[in-house]
Amino acid sequence: MDTSVNGLTQKAAAGSEWCEVTPGEQFALRTSVTETEGRYTMIEVIAEPRNGVPLHIHANEEEHFIVLDGSLHLANGDEKLVLSAGGSATVKRGTVHAWCNLGDRPVRMLILFSPGHMEKTFRLIGSLKDGDLSAIAELADAGGSTIVGPPPFDNVYSVMSPRPKQ
């Protein structure tokens, strides 16, 4: 199986639309909150090496990570984990956390938010034009997520310090 981001995107794109969060990180909605009567939303994320997210808190949701390919570094409160393909972890609501791909190839993962109302934020992020990164932070805050600091990993691209567009 082709594990490059382009290969995964082409195969997966047949049933969904891929959206860019920042250069090097994209997502596709896999299960909608409307399908689960609000219980959860599931997105698939592909992140290039050195892409990640800043420290943040979800006020209303648990966030469940399932790694499909590659490896994921996760800061979950005071704990730091490395999850490889088949690994999973849950971040409880109200817990400061961040994730990053420190590996040498893309990480592909499913992220479930329960309940599933973060879907609205991701749909809005997907609709942004011209990569308005300041708007992403505002949308997240409006959706109950608060960025509380930079990524806790060195030399990481995120909405706070995006990878240059190629």
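Visitor: What makes the pairing of Glu62 with Arg93 a salt bridge?
Guide: The closest N and O atoms of Glu62 and Arg93 are 2.7 Å apart. A salt bridge requires a side-chain nitrogen of Lys or Arg within 4 Å of a carboxyl oxygen of Asp or Glu, and therefore the pair qualifies. Glu62 lies in strand E5 (residues 62–69) and Arg93 in the loop between strand E8 (88–91) and strand E9 (97–100), so that the bridge links distant parts of the chain, 31 residues apart; strands (E, at least two residues) and helices (H or I, at least four) are DSSP runs, numbered from the N terminus.

Visitor: On what basis are such values given?
Guide: This is a predicted model, in which local features need pLDDT of at least 70 and side-chain atom pairs count only at pLDDT 80 or more, whereas totals for chains, interfaces and linings use all residues. Residues are numbered from 1 along each chain as its sequence is written, and side-chain values use heavy atoms, with hydrogens and water left out.

Visitor: Why is Glu62 called buried, and why is Arg93 called partly exposed?
Guide: Buried means under 20% relative accessible area, exposed over 50%, and partly exposed in between (1.4 Å probe, protein chains only). Glu62 has 17% relative accessibility and therefore counts as buried. Arg93, with a relative accessible area of 40%, is therefore partly exposed.

Visitor: How do you know on which side of H2 the buried residues lie?
Guide: Glu119, Thr121, Phe122 and Ile125 are buried in H2. They cover an arc of only 160° around the axis, so they are on the same side of H2; the arc is that of the directions from the helix axis to the C-beta atoms.

Visitor: What makes the contact between Asp69 and Arg105 polar?
Guide: The side chains of Asp69 and Arg105 approach to 3.2 Å. A polar contact is a pair of N or O atoms within 3.5 Å; within protein, one must be able to donate a hydrogen and the other to accept it, and residues adjacent in sequence count only if both atoms are side-chain atoms. The pair is therefore counted as a polar contact. Asp69, in strand E5, has 11% relative accessibility and so is buried.

Visitor: Where is Asn76 found, and with which residues is Asn76 in contact?
Guide: Asn76 is found in strand E6 (residues 71–76). A polar atom of the Asn76 side chain lies 3.1 Å from the backbone oxygen of Thr90. Contact means heavy atoms within 4.5 Å, and, leaving aside neighbours within four places in sequence, Asn76 is in contact with Thr90, Val91, Thr95, Val96 and His97. With a relative accessible area of 12%, Asn76 is therefore buried.

Visitor: Why are E6 and E9 said to pair?
Guide: Two strands pair if DSSP finds at least two bridges between them. E6 and E9 have four bridges in the antiparallel sense and therefore pair. Leu74 stands opposite Trp99 in E9.

Visitor: Why is Arg39 called exposed?
Guide: At 54% relative accessibility, Arg39 therefore counts as exposed. Arg39 is found in the loop between strand E2 (25–31) and E3.
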